[in-house]
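Let us walk through this fold one piece at a time. Keep the 3D view open as you read.

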Amino acid sequence: MTHSLTPRDQANLPALSAPPLIRLDAYVAEDGSTVVNGHLLEMGGMRQPNEAILDAVAMFARTLGAPVAATVIDRTVMQVARLRVYPDGSSRTIGDEEDLPPGRERTAAEEEAFPPLARVERIIQHAQREELHAAFVLASALREHLTLRRGAEDELALEARAIEAYLAFLRGDYMLSTVLALTVARIRCRTDLGRAAPEVARATAAWQRLFDEGQVATRGQELLHMWEHLAAAGLLLDPSHQAMAQAVRSRLERGVPPGPAAPPALAAGQGPVDQGPAAPEDKPLRPTRRGLRRFTRRPAPPTAPTP
């Protein structure tokens, strides 16, 4: 079951005391599924995602009686768009340099209005009802926006990526699940080695479902590096983790054609200097451009008074 944003649903509204120009977030998945502030929109008929987003954000602006900012990650065009939407329903897109100033206070205000943990609870509710597509799209939206706002190594962004990986596993998309879980494991190995073993185990569980020999070899070599790194640090203590490490080693030794060598995991405390982005698998988004027509609206003409 999807959720549509309506003025009658008070749970969807920000606190009326929220700072002016509170920034909302929207997400369009590659299949066109559209999320605004952690709610999957019902897209009846031929309604376009950009129109649905503008309608939803304009509703917030009218409720608050003030302009509202919004950040839209649109995977159908691989772009992030930053908007200003006004109570009269008009809107315009802006450049990155015109966006709200970053900082902890702004982030805290936005997340107080739309708590990430409340979004996680909604994702879990969808999953419990076996609405896996809805749960996965909502998890992807949460991970994308937390990563954009806080960075891939942020704790909340990592947790969202781990949830997304698990949902991909439940949906049977083991390649995507492996990639997502490996990213979490890679970051843990670099920043918090003591918490890395369970993440490496989750990545291994997804990898064991792969059949593509090239992917098995490439991803398996990285997993083996991680398990060996944990063993060298004296952190491979759980018997189930030892068994998984041996399963990776045995599968690679059975003659899977070798793939490109994977870099060894970094020790905890080592910075990502010269290592590239924390999550290189994330497809990059084109930067914001002013004047995007699909997110630009003129004010609605005034309606004539009824005689």
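This is a predicted model. Start at helix α5. Its buried residues pack against three helices: α3 (116–128), α4 (132–150) and α6 (174–191). Which residues of α5 are buried? They are A157, L158, A160, R161, E164, A165, L167 and A168. Now recall a general rule. An α-helix has 3.6 residues a turn, so residues three or four places apart point the same way.

Next, check the length of α5. The helix runs over residues 155–170, which is 16 residues. At 1.5 Å a residue it should span 22 Å.

At the N-terminal end, D154 caps α5. A side-chain oxygen of D154 lies 2.9 Å from the backbone nitrogen of L156. Just after α5 comes G172, with a positive phi of about 85 degrees.

Now turn to the sheet. Strands of a sheet pair through backbone hydrogen bonds, either parallel or antiparallel. Here six strands form an open sheet with mixed pairing, in the order β3-β2-β1-β4-β5-β6. β3 (39–40) and β6 (91–94) stand at the edges. Each has a single partner strand, so one side of each is left without a neighbour in the sheet.

Within the sheet, find β1 (residues 23–28) and β4 (residues 68–74). These two strands pair in the parallel sense over six bridges. R23 stands opposite A69 in β4.

Finally, link helix and sheet. Helix α4 lies across β1, β2 (34–36), β3, β4 and β5 (79–85). It runs at about 130 degrees to β1.

Note on methods. Residues are numbered from 1 along each chain as its sequence is written. This is a predicted model: local features need pLDDT of at least 70, side-chain atom pairs count only at pLDDT 80 or more; totals for chains, interfaces and linings use all residues. Side-chain values use heavy atoms; hydrogens and water are left out. Helices (H or I, at least four residues) and strands (E, at least two) are DSSP runs, numbered from the N terminus. The expected span of a helix is 1.5 Å times one less than its number of residues. Buried means under 20% relative accessible area, exposed over 50%, partly exposed in between (1.4 Å probe, protein chains only). Contact means heavy atoms within 4.5 Å. A polar contact is a pair of N or O atoms within 3.5 Å; within protein, one must be able to donate a hydrogen and the other to accept it, and residues adjacent in sequence count only if both atoms are side-chain atoms. Two strands pair if DSSP finds at least two bridges between them. Axes are lines fitted to C-alpha atoms, for helices over the stretch in contact, and angles run from 0 to 180 degrees between N-to-C directions.
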